[in-house]
Amino acid sequence: RCVTLLLICASQAPVNTAAQHAFPNAIIPAPVSVAYQQGSFQLGSTTIIGVQVKHAESSTIAAYLADKIKVATGFHLKIVTSGESSIQFVINPKADTKLGREGYTLHVTEKKITVTANSGAGLFYGVQTLLQLLPKEIESTKVVSKAWHVPVVSITDYPRFAWRGMMLDVSRHYFSKAYVKSFIDRMARYKFNRFHWHLTDDQGWRVEIKSLPELTRVGAWRVPRTGTFGDNAPPKPGEVASDGGFYTHEDIKEIVQYARQRYIEILPEIDVPGHSMAAIASYPSLSVTNDTSIRVSPGSDFSEWYGDGKFEMFVDNSLDPTDEKVYQFLDKVFSEIAGLFPFEYIHMGGDECYKGYWERDAGVQAFMKKKNITNSHELQSYFAKRVSKILAAKKKKMIGWDEILEGGLAPGAAVMSWRGTKGGVEAAHQKHSVVMSPAPIYYLDMMQGDASIEPPVYSSARLQDVYAFDILPKEIDSTYVLGGQGNLWTEQVPTPAQVEYMVYPRAFAIAESMWSQKSKKNWGNFVERVEEHFARFDEAKVNYATSLYDPLI
Ligand code: TNX
């Protein structure tokens, strides 16, 4: 093993060493307590899953487990509500407070497996751990003939944080409904429970809004270019915008349902008033200047950032915060979004809004004078407060990037801290809820290894550093921190295989930081477990980065 000699034997480091242990303790994220004993339970074609008849949810989870087991083993496990069973699901009649809503216990003896929890979520996480205790071939996409043993073990487990998220940017590049589902399914395997869906940005509007058809007729499409970084561009005169796509209401309902069956809530993001060029391309009069010509500006395109070194950031046009028409537009958008997504929060973006157009526009200046708004940060705050009222009327809570702190937070708004953790510290200080997703450490578009084979971006986030990072700075009142998330921005990530490469294994590190107790974290042991999971990804034919073994950049 090269675990301790990582740098010395980087080039010949083994990736697939799972076979070395009969029963590798390779659970990610690490449980609160695990006690192995001699012996094993053997899963077979006659294994029966038992559920309690009064808990319909348990049957759905049992069906999920049976489905997963069927693919690799070929066994069609029976699910029963009474009589003999060898895998039994139990919902505690009286809640075990130590476990909370998402905790579970998993007891494996030679004869029986018992998963106990206070709720469906806990059972589901117990099932994920059980799947990780089976041999790696359980992840195979076709039937494997072998003995399927689970070690005798007693596990008690519950999460450290309630919000364990991953964000996928589907605006810079569109990903199919099938791929979004597979992304969500893999998240669930590592006990993530929030999928932040970055649905709109300058480069594409990806969600159907029935009352505003131009958003997807115009705003969802660009011209494919084989430019430096495979990023796309708006059409030049005479070109046909053929690259892109969007999700219909039906697609969204299907994905929401799919995620819920995996105990994942979806946080939809509509990024306004900046990062809105796709909306402005569709409805130009929403902007200050009606100018759609800079639909993908240098400021939001990495190739320009690193091209000739000259760039002006965030010069995209933005929505006009002084125009009532804009709020009518947002009311329509958020009505449909609120109807599609059951989660209590909606993300309204709020990041990196270029304010030059506001500052240079006489009409905007007159409006500010009338309203006693003295600077453009206050104007941005006025906008965010209006959005929060729109959302409140639809019974939704607002969350935004940490720029929403500037000029004053909207009442009750939660803050997603991305410019480090300081926005989160400030929001908690003001008694607002916080989700930590600090750049660059939790930004999965950062380089992770060999700079010669990875798309160049402005910083790096090595697996070891991601793993070592703790989302709670000393000075924060942690009661306001809901949890944290990793964000994958996709300016330079056009394909599913590249998404997987960027996300894994760093998402393992984030999963463990969100779920496991701080005292359970151990880098050396984590690396061994990561290797086991690489072997599982090989079985599942899912891509990942082996940058762990690259020389340091
Ligand atoms: C900043 S994070 C952005 C994104 C980019 C990302 C690239 C945030 C709120 N805005 O629009 O994709 O950096 O790392």
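A polar side-chain atom of aspartate 351 is placed 2.8 Å from a nitrogen atom of the ligand. The structure is a predicted model, in which local features need pLDDT of at least 70 and side-chain atom pairs count only at pLDDT 80 or more, while totals for chains, interfaces and linings use all residues. Residues are numbered from 1 along each chain as its sequence is written, and side-chain values use heavy atoms, with hydrogens and water left out.

The ligand taken alone exposes 360 Å², and the protein buries 98% of that; accessible areas come from the Shrake-Rupley method with a 1.4 Å probe, and for residues only the protein chains shown count as cover. In total, 13 residues surround the ligand, the closest being Asp351, Tyr443, Asp445, Tyr458 and Glu491; a residue is near a molecule or strand if one of its heavy atoms lies within 4 Å of it. The shell divides into 7 nonpolar, 1 polar and 5 charged residues. In this division, Ala, Val, Leu, Ile, Met, Phe, Trp, Tyr, Cys and Pro count as nonpolar, Asp, Glu, Lys and Arg as charged, and the others, Gly among them, as polar.

Glutamate 491 is located in the loop between β19 (481-488) and α14 (496-503). Helices (H or I, at least four residues) and strands (E, at least two) are DSSP runs, numbered from the N terminus. Glutamate 491 counts as buried because its relative accessibility is 8%; buried means under 20% relative accessible area, exposed over 50%, and partly exposed in between (1.4 Å probe, protein chains only). The side chain of glutamate 491 is joined to that of arginine 172 by a polar contact of 3.3 Å. A polar contact is a pair of N or O atoms within 3.5 Å; within protein, one must be able to donate a hydrogen and the other to accept it, and residues adjacent in sequence count only if both atoms are side-chain atoms.

Aromatic rings were examined next. Rings of Phe, Tyr and Trp (its six-membered ring) pair if their centres lie within 6.5 Å; planes under 30 degrees apart count as stacked, over 60 as edge-to-face and the rest as tilted. By this rule the model holds 34 aromatic pairs. In one of them, the ring centres of tyrosine 125 and tryptophan 515 are 5.2 Å apart and the planes stand at 70°, so the pair is edge-to-face. This pair links distant parts of the chain, with tyrosine 125 in helix α2 (residues 120-133) and tryptophan 515 in helix α15 (residues 506-515), 390 residues apart. Both tyrosine 125 and tryptophan 515 are buried. The rings of tyrosine 174 and tyrosine 247 have centres 5.1 Å apart and planes at 35°, so this pair is tilted. Tyrosine 174 lies in the loop between β8 (163-169) and α3 (177-189), and tyrosine 247 in the loop between β13 (243-244) and α5 (249-260), 73 residues apart. Tyrosine 174 is partly exposed, at 26% relative accessibility, whereas tyrosine 247 is buried, at 0%. Ring pairs link Tyr174, Phe183, Phe195, Trp197, Tyr247 and Phe341 into a cluster.

Most residues other than glycine have a negative phi, and most peptide bonds are trans. The peptide bond from valine 272 to proline 273 is, however, cis, with omega near 0°, and proline 273 belongs to the loop between β14 (265-272) and α6 (277-282). Histidine 275 is located in the loop between β14 and α6 and has a positive phi of about 50° although it is not a glycine. Histidine 275 counts as buried because its relative accessibility is 4%. The bond from tyrosine 504 to proline 505 is also cis, with omega near 15°; proline 505 lies in the loop between α14 and α15. Lysine 541, in the segment after α16 (523-540), has a positive phi of about 60° and counts as exposed at 60% relative accessibility.
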